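Subject: Handover of a structure and summary of findings

Dear colleague,

Please find below the structure that I am handing over to you. A summary of what was found in it comes after the sequence and coordinates.

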Amino acid sequence: MSDKLKYLFNVLGNGILRENPILRLMIGLCPTLAVSTSLSNSIGMGLAVTFVLICSNFTISLIRPFVPAGVRIPIFIVVISTFVTTVDYVMMAYFPALHASLGVFVPLIVVNCIILGRAEAFAYKNDILPAVLDGLGMGAGFLLSISVMGSIREILGNGTLLGMSVFGPSFNPITLMILPPGAFMVIGFLMSALNIATKKGAK
Amino acid sequence: MKKLIDYALRLLVICVAASGLLAYVYQSTASRIEENVYREKLFKAKEVLSGRAEEIKKMDHNGLEFFRGFSKGLLVGTVIETSGAGYGGPIRVLSGIGPDGKIIEIAILSHKETPGLGTKVDTSWFKNQFVSKSASGVRLKKDLKPGDADGIDAITSATISSRAVSKAVSEALAEYEKVKNVR
């Protein structure tokens, strides 16, 4: 494998484990905690964020030479919110069914700091191809961790997974798990689990 | 100073480009969005009359817009759109009301509630609670005064969303009283 290819592969894999946005970088926590009440919500949010993240990383990497460091943040925000609004309108006009189920997540994407964070930390300093791969990797890492959280919370808090009953009618769900305190507990356990697992590997 | 002007100009260019793009996207999708919204409303209007209506007629009375559903020329129900203030913005509710003044079914047209909590206003167990209720029975149980007969169970940790729907439905029933004799 050539060095270039190795580097690109590295960029792609980075977001999934080593620099997992939620469990490692701890960015984008607010939408994660709020939305991970069920697996279907988590997948919807994860896909929407991944899509916007790839596109915003692409655009920011593209206009990079034109953006001076002093005003980069306002420019990033304009680019990201333009993009999110466009996605919202296009979805409303051409995919109304998809908008009906994902619509509530779209405005939340603007304030997801993973997108601004990656624009600032990666896309602004790199070429288009690595920037797009970074978006894909980070998006996948986000989708993965929010889906794990969503599954745990839905199974324990509602007794279902993707709306289907897991334990049968005799199970008494722990409603706390789909309320905010449950989100904090699950994310804490997940973070420590990942830390323990990766520490063992390093020894 | 030169730097400042340079920054301002570049920011201006980006913002103008962004607003140009947004204006274009808005213009080219607005008519389709409006059409989708209307089609969705007609579809839901049939739904909240439990499929009893074969024909839906749009009506207008003193600026109040509503739908009437007919089957073989007979009136089977009236559909009124109202909205209540939810947790994340207005919740638009479509109420199907039978000729007896009782709710046939309700539907949620749009809302911006918290995913996983307030979004449950659009589940059938919540909406079905309104079936066959008249104006006295659509308040939340926790808002009832002693002596009131019947109410609606609120959704756990989404009282504001539940109350918004219940208010919208009772508003629809109040509007129905104004238009029920309109032909």
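Conventions

This is a predicted model, in which local features need pLDDT of at least 70 and side-chain atom pairs count only at pLDDT 80 or more, while totals for chains, interfaces and linings use all residues. Residues are numbered from 1 along each chain as its sequence is written, chains are lettered from A and ligands numbered from 1 in the order in which they are written, and side-chain values use heavy atoms, with hydrogens and water left out.

Nonpolar cores

A nonpolar core is here a set of buried Ala, Val, Leu, Ile, Met, Phe, Trp, Tyr and Cys residues joined through side-chain atoms within 4.5 Å. Buried stands for under 20% relative accessible area, exposed for over 50%, and partly exposed for what lies in between (1.4 Å probe, protein chains only). In soluble globular proteins, nonpolar side chains tend to be buried together.

The largest such core holds 29 residues, and those with the most contacts inside it are L23(A), M45(A), I109(A), I115(A), F142(A) and I187(A). At least two of its residues come from each of α2 (29–35), α3 (39–63), α4 (72–94), α6 (106–110), α7 (113–121), α8 (128–158) and α9 (180–202) of chain A. The largest share, six residues, is supplied by α9(A). Helices (H or I, at least four residues) and strands (E, at least two) are DSSP runs, numbered from the N terminus.

Leaving aside neighbours within four places in sequence, I187(A) is in contact (heavy atoms within 4.5 Å) with I22(A), L23(A), L29(A), L33(A) and M149(A). A second, separate core has 27 residues, including I80(B), I97(B), F130(B) and L173(B).

The interface between the chains

Chain A contributes 28 residues to the contact and chain B contributes 25 residues. The size of an interface is often given as the accessible area lost when the parts come together. Buried area is the accessible area (1.4 Å probe) that two parts lose on being put together, summed over both. Between chain A and chain B this area is about 2200 Å², and carbon and sulfur atoms give 79% of it. On the side of chain A, the residues that lose the most area to chain B are F66(A), Y89(A) and V104(A), together 24% of what that side buries.

Which elements give two or more residues to the side of chain A that touches chain B? They are α2, α3 and α4 of chain A, and the largest share, 11 residues, comes from α4(A). The residues of this side divide into 21 nonpolar, seven polar and no charged. In that division, Ala, Val, Leu, Ile, Met, Phe, Trp, Tyr, Cys and Pro count as nonpolar, Asp, Glu, Lys and Arg as charged, and the others, Gly among them, as polar.

Salt bridges

A salt bridge is a side-chain nitrogen of Lys or Arg within 4 Å of a carboxyl oxygen of Asp or Glu. The whole structure has 14 of them over all chains.

One of these joins R64(A) and D127(A) (3.0 Å, N to O). R64(A) lies in the loop between α3 and α4 of chain A and D127(A) in the loop between α7 and α8, so the pair ties together parts that are 63 residues apart in sequence. R64(A) is partly exposed, at 24% relative accessibility.

In chain B, R10(B) and D6(B) form a salt bridge (3.1 Å, N to O). Both lie in helix α1 (residues 2–48) of chain B, four residues apart, about one turn of the helix. E40(B) and K44(B) form another (2.9 Å, N to O). E40(B) is partly exposed at 34%, whereas K44(B) counts as buried at 15%. Salt bridges that share partners also join K41(B), E81(B) and R92(B) into one network.

Two individual residues

N57(A) lies in helix α3 of chain A and is buried, at 0% relative accessibility. A polar atom of its side chain lies 2.9 Å from the backbone oxygen of A131(A).

S124(B) belongs to helix α2 (residues 124–128) of chain B and is partly exposed, with a relative accessible area of 47%.

Yours sincerely

Terms used. A polar contact is a pair of N or O atoms within 3.5 Å; within protein, one must be able to donate a hydrogen and the other to accept it, and residues adjacent in sequence count only if both atoms are side-chain atoms.
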